Amino acid sequence: MLSYLLEMFRQNSVGIPLITRKVVLYHTANKIAYIPPLTSLFAKIPILNLIVALIFWKPFFAVLFAPGLVCILIAILFIIWFERKVTARVQWRYGPLEVSRNVGGIIQPMADGMRYFFQEVIVHREAHKPYFLQFPLITFLPVLLPILVIPAGTIYAINTPYSILVAIALISLIPMIIVAIGWASNSKYAYVGSLREAMMYFSYEIVLMIAAMSMVIIYGSANAIEIVKEQSTIPGILLNPFAALAFFVAIAMATSRFPFEIPEADQEVVFGPFIEYTGIIFGVVMTLAYEKLYLLCMLFSILFLGGWNGPFIPPLGDLSPALWLFLKTIGLMMIFVFFRTFYARYRLDQALKIGWSKLMALAMVALITGLGLGAVNVMGWL
Amino acid sequence: MDEYSIPVPVKPPAEIESLYLPVPPWLEEKSKEGDELVLFVGPQHGGSGHMRLIVRVHGDVIREVIPDPGFVHRGVEKLAENKLYIQNIPLVERPAIMDCINMSLGYVRAIEKALDIEVPERAKYIRTMLAEVCRIGTHLYDAGILSVFLGHTTGFMWPFALRELTCEILMRVSGARITASYVVPGGVRRDVDRGTLNFISDAMTYIQQKSKDFEKVFIRNPVTIARMKDVGVLSRKEAIKYGVVGPFLRASGVEYDVRAVEPYDAYDELTWDVIVADDGDSYSRFLVRVNEIQQSIGIVRQCVKALKDMPEGKIAVDTKGKMLDSVKGTFFRTFGRLTLPAGEFTTLTEASRGTLLYTIVSDGKSNAPYRLRVVTPGWYYLKGFMESLKGCRLADLQAVYGSFGYFPPEADR
């Protein structure tokens, strides 16, 4: 049984030459010294070999490392630091600096996270206690489940022809949980904040889906691997710039970036649905918007920027496309967080109006463009 | 969570329920009937300042806002009755410390009115110059608060960085960055030398140049305009009816400025315009103050030029009208045990946020005021502020708040 599992894991494992090859330390006339490869270190020990094989099993690796949990963590830690640093630079300040001065305070978010860990978690009397504590943890479900169907090059968990659709459907579960958090908090500000979140959900969701659909129509497939293969000559943003713009604005709305930072407006509703959270749970719900940003930026780069297309780096092997996808995603996230420096926030009714008039018109133009390009089979011509 | 009740034989007094509840108990029930939500904004809220706003919201539209000020009430009027006249100068600055010169100017002028003394020319110009520097500082401060209320953090940091220059000017002239206590009966505390005047001139140029960047990033920002245009409108009639003062009255189309109507100090010798807007919405209330910064820079420049042409020295007079080069040594002898003639002495001052009224009632025998009445602009326009919120969206609460530059310590005194 175990050997069968081991065989299954090893057949579909991630190939990274950097750590699976033997590295020659030195060799003289009659001696050659190797560093044994990391993966073969535990190859003969009964249980450990199974664990190591499991870690490098592609579905597991995809969810846990790239593009999954570890990549999300790195992206969040970097982007929070970058957001604070770039905002500070624009505003004639230093930003995070004192924690790790030599590298510009880059581990400041980690220090903040540790601070959250040691803070008291207060559950107020009016809260629906089980839900109040559960929902922040349940948020990881709709954040990590889309990773199953979003591939990073050859690393993927499930290869399905509906990957883009499934990913978008799972991502759109996140607002539900935010609304549920607001309900469980049982506070007036959380109520107003959840209402705002629900309203924002109405204003961007359809545009987001239409923009994604218009690209799916052009490529003739909703499989992310197919879509990226189609973009090897010309990226999707040049084929249908309207869809890219609509998708871009919809991401800003979906992840409450400026100028649409409406549900969590701290001067108006004081973090809205998350007002009652303290300690590490507040840390968890605060990263929720960034996790969503990561996922949607990944979708944007797959749909419009050619996904993991990029020069192949031999020592990284399977990780090379994952790295390109990660870099594109981070670049997009940097653009989104930079909006903080030069935008105020819109009012809720104005955001709704933008979502249903201008943005919807743009999405319709994108859909018509997509239908036209799909009808003439532009991918076949290219 | 288990709750334990401790049997304490003492019952809380009835006043705790009757006095300390921010709203009458029936308000909550009545609002539920009218499909409303009663929101308590403040005093511990990112967008409330040191006061509580009790907001009745129907859907997303504000029906009524009930102010609950007084959280930073320090009893300036009562404290003033127990202090010497000159000891009150630092006290009356405390309500609005970034506007210190204007705050003390009104009080000192009331004393001078009672003693019937004329301030030397040089002191007049110095007072006017510093009052305008304080006005610039206060308007920049309010612009920063407005920006951060709208979520624009860059618009918050830049004016606050520029305000640093006005603090620096005050420090070089008086020795203190805020709460300068620089204006004294009969003149000013010390002279301004040529180097400081050059610095003030340079600082004004810098503020003028940098406020162009601020204009690009915040004032002409489409999101800012969308948030503030046609929000919290007070018509000309309403503004007069509710007793709005200062730049907020002028934003509604009323050309009233104490500096122009009853000029004090050197204002009648300088050329400047009274800025007036017609719309009466949040954006015009903000723009009026933005343009007033430019006018103030002009006034400061004229004062610097006039002060450079004047001979140095002669910055104060004593109670008998004798010119003094410096108040050092003589000041406490002449003004320390000052007793005003019996009567009531009132002055109006145009502070940064509007008309500021001081009334000193003296019994003619005591060396402390019998009564000091201070009506600050914040208190004047609180009613107008509350009225303009009716019919706005809930998110507009902060936009209107910031556009009024409401400063609870000043209003509460």
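Guide: The term pLDDT stands for the predictor's confidence in each residue, on a scale from 0 to 100. For chain B it averages 86, with 97% of the residues scoring at least 70, and the model as a whole has an ipTM of 0.82 and a pTM of 0.87. This is a predicted model, in which local features need pLDDT of at least 70 and side-chain atom pairs count only at pLDDT 80 or more, while totals for chains, interfaces and linings use all residues. Residues are numbered from 1 along each chain as its sequence is written, and chains are lettered from A and ligands numbered from 1 in the order in which they are written.

The strands of chain B come first. Strand β2 (residues 52-58) and strand β3 (residues 61-68) of chain B run antiparallel and are joined by seven bridges (strands are DSSP runs of E of at least two residues and helices runs of H or I of at least four, numbered from the N terminus; two strands pair if DSSP finds at least two bridges between them). Within this pairing, B:Arg56 stands opposite B:Glu64 of β3(B). β2(B) and β3(B) make a hairpin that leaves two residues between the strands, and in its turn B:Gly59 has a positive phi of about 65 degrees.

Further along chain B there is an open sheet of three strands, ordered β8-β9-β10 and paired in antiparallel fashion. Its edge strands, each pairing on one side only, are β8 (343-351) and β10 (371-375) of chain B. From one strand to the next the twist averages 10 degrees (angles run from 0 to 180 degrees between N-to-C directions, and axes are lines fitted to C-alpha atoms, for helices over the stretch in contact). β8(B) is held to strand β9 (residues 354-362) of chain B by nine bridges, the two running antiparallel, and B:Phe345 stands opposite B:Ile360 in β9(B). Helix α5 (residues 100-115) of chain B packs on this sheet and touches β8 and β9 of chain B, its direction making about 150 degrees with that of β8(B) (two residues are in contact if their C-beta atoms, placed from the backbone, lie within 7 Å). Helix α15 (residues 377-388) of chain B also packs on the sheet, touching β8, β9 and β10 of chain B, and its direction makes about 125 degrees with that of β9(B).

The axes of helix α8 (residues 194-219) and helix α13 (residues 282-309) of chain B come within 10 Å and cross at roughly 165 degrees. That crossing makes α8(B) roughly antiparallel to α13(B) (angles under 35 degrees count as roughly parallel, over 145 as roughly antiparallel, 65 to 115 as roughly perpendicular and the rest as oblique). α8(B) passes α13(B) in a left-handed crossing (left-handed if the near helix is turned anticlockwise from the far one by less than a right angle, right-handed if clockwise). On the α8(B) side the contact includes B:Leu197, B:Ile200, B:Met204 and B:Ile207, and among the residues of α13(B) that they meet are B:Ile293, B:Ile297, B:Val300 and B:Val304. By class, the residues of this contact divide into 11 nonpolar, three polar and three charged (Ala, Val, Leu, Ile, Met, Phe, Trp, Tyr, Cys and Pro count as nonpolar, Asp, Glu, Lys and Arg as charged, and the others, Gly among them, as polar).

Chain A has a mean pLDDT of 85, and 97% of its residues reach 70 or more; within chain A, confidence is lowest in helix α20 (residues 378-381), at a mean of 70, and highest in helix α14 (residues 241-254), at 91. The axes of α14(A) and helix α16 (residues 288-304) of chain A come within 10 Å and cross at roughly 175 degrees, and these two helices are therefore roughly antiparallel to each other. The contact of α14(A) with α16(A) has eight nonpolar residues, no polar and one charged.

Where the chains meet, the contact takes 26 residues from chain A and 27 residues from chain B. On the side of chain A that touches chain B, α5 (69-90) and α18 (348-356) of chain A each supply at least two residues, and α18(A) gives the most, with three residues. The residues of that side of chain A divide into 11 nonpolar, five polar and 10 charged.
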